[in-house]
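Please look through the sequence and the model shown below before reading on.

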Amino acid sequence: MCGINGFISKRKIEDGEYRINSMNDSLIHRGPDAEGYIEIDGGYMGQRRLSIIDQDSRSNQPMWTNENDAAIVYNGEIYNYKELKEGLCYKFKTKSDTEVLLAGIKECGIDWVKKCNGMFAFAFADIRENKVILCRDRLGIKPLYYYIDKEKLIFSSEIKGILNSGLIEAKFNNNAIDEYLGNRHVREPYTFFQGIYQVPAGHYLIINSDLEMKAIRYWNLPDEFNMDLIYDENEIYDRFKCEVVDAIKRRMIADVPIGTFLSGGVDSSIISAVCAKQSNESINTYTIGFPEINEFSYAQMVAQQYRTNHHELLLSAKDYFDKLEELISYKDGPLGVPNEVPLAIMSKELKKIITVVLSGEGADELMGGYGKIYRSPFDFENIDCCHRKGFYDYFINKYEYVPRKIRDRYLFTSHFIRDEKDEEIRQQFDGRINEENVFRFFHQYHIAGLLQRVDTMTMYAGIEARVPFLDHTLIEFVYKEVPYELKLRWNSDKVKERARKSPSSFYSEKWDQPKYLLRRLGLELLPEDVVNRKKMGFPVPLNIWFEELKEMGINLLKNSDWFDYTQLKKLYEDCKKNIRSGQLLWMFINVELFRKMYFEKKWRY
């Protein structure tokens, strides 16, 4: 795991070594173990290294081919690199997955990445053909950003890397405010910075010497989506169990100590159980909470069953707010999920013992874990009497965090991205059943925000987070082979009929079982109380802290040019009516904290 940087230009850039070093220095948290850079035609590539596999210095980056005709800077892990290595004719000098990736592309071309099982973002410089390829893994687990104009290309694992090149100025993309408030993050390819974009997940970008760019998608979700009504549940369960266990085992490969986040929910508990069963030593598990709300008792049940070295952290409101601005500076954007703060603090704690942590992101998206919203197709057909608009409008109204009516009332900005994405997703929804559309939406749009959270807040502490439930082979298996009924399972036909008259907010997790097949695996591995309790997520008591948030809002928002401050009192009232009252106000505050931090200073030099 690392941080990567680079730039190329048609014109000679003064102080190139200083600039690439400045970019590398800005990412030291991502790679505290080593650093390096090389000069290529028209520019530089650099890297900060966090040593996970083959800690030998010969595996440091940037890395050249044996013939010095291509080089790579790479962030991530290829879990099947040993098997892939056997199929290559390359003369290897290291035991690293970096060299396997470099050799595979050199021998077979960029499409060789389709063979890789892992998480990755890399820049590959082909010296002979004078081109650079930027590539990102299938689900976008690892980040990669770029800026390109007619004169130069700049890329980095984090936006601060691009800004610290000193080659461009930071310009606020206020169109992204509406997007962030609705989705908790800015969807690909946009960012909060004008001209800086995300390399889309499952894509590679080819940039030639004229700085002409071609984007190619190399992976997408399967075309198939299983809606079978006749099946052998036990046979599917056995295969599903093998796929889940294999995905977890693959992510235990490391030359450094590993551990798990253990929230006490089903997802992290299954990961912890499998790791404990596979390990010859007691594994380290970690949970965090607040005096007002926590899940310690459930995490303790799992830790005791598997005799883990369990660690609990307790945070106060002061701990939380004291850390907020620092973490915004690491994320290069407003925080999107309230639990990013405890996640970062927990990552600092576990860095004392371990370097790799397994986390449960992706399980809800895979198996329908957000029961209320995943049941929206059922509700739409049964209790939505208006039907004046299509399913997408019904769904997105339930999904978005700050409602559109609030955003439209208080923002002085456009909703250009919203309009573009609305049209894009409506077209995607056409021709597919709504049950399938919801699953695809969560994998294509929702998961990116959670991945930004886990990457930024673990790399803040120099920790590599791995997410087994986003193994692409597991996702492909579930889409093709696991029937919808084994994801969201009704308790009986009788309650299904009764549910036709009620909204999912009433019956979800009461008359049905989201993540049914995963819960079945949980019952095999975990205490029943852990498996059968209602989903809580990763709770942060923002509603309880609403008055503290109001004080922050009064001091911050009066100076913003994107928010109608004359209606601040009305905003408080509107937020209070929402079940997420604290989070809604917290998001407005995050935007202004971020804006002041990044756009009231000069970056270009």
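With which side chain does the side chain of K331 make a polar contact? The partner is the side chain of E340, at 3.0 Å, where a polar contact is a pair of N or O atoms within 3.5 Å, one of which, within protein, must be able to donate a hydrogen and the other to accept it, residues adjacent in sequence counting only if both atoms are side-chain atoms. This is a predicted model, in which local features need pLDDT of at least 70 and side-chain atom pairs count only at pLDDT 80 or more, whereas totals for chains, interfaces and linings use all residues. Residues are numbered from 1 along each chain as its sequence is written, and side-chain values use heavy atoms, with hydrogens and water left out.

K331 lies in helix α9 (residues 317-331); helices (H or I, at least four residues) and strands (E, at least two) are DSSP runs, numbered from the N terminus. K331 counts as buried because its relative accessibility is 13%, the scale being under 20% relative accessible area for buried, over 50% for exposed and partly exposed in between (1.4 Å probe, protein chains only). Apart from neighbours within four places in sequence, K331 is in contact (heavy atoms within 4.5 Å) with K160, G336, E340, Q452, T456 and M457.

The sheet comes next. An open sheet is formed by 5 strands in the order β15-β14-β13-β16-β17, with parallel pairing; two strands are taken to pair if DSSP finds at least two bridges between them. At the edges stand β15 (309-314) and β17 (464-466), each of which has a single partner strand, so one side of each is left without a neighbour in the sheet. From one strand to the next the twist averages 30°, with axes fitted as lines to C-alpha atoms, for helices over the stretch in contact, and angles running from 0 to 180 degrees between N-to-C directions.

Strand β13 (residues 258-261) is covered on both faces, since I258 and T260 on one side and G259 and F261 on the other are all buried. It is joined by 3 bridges to the parallel strand β16 (residues 356-358), in which V357 stands opposite G259. Over another 3 bridges, β13 pairs in the parallel sense with β14 (residues 284-289), where T285 is the bridge partner of T260 and Y286 that of F261. Helix α8 (residues 296-305) packs on the sheet, touching β14 and β15, and its direction makes about 170° with that of β15. Helix α10 (residues 340-350) also packs on the sheet, touching β13, β14, β15 and β16, at about 145° to the direction of β14.

In helix α14 (residues 391-399), the buried residues are F391, Y392, Y394, F395, I396 and Y399, and their cover includes α16 (416-429) and α17 (434-459).

Finally, some backbone details deserve a look. A cis peptide bond, with omega about 0°, joins E188 and P189. Phi is positive in the non-glycine residues R307, near 50°, and K515, about 55°; R307 is exposed, with a relative accessible area of 66%, whereas K515 is buried, at 5%.
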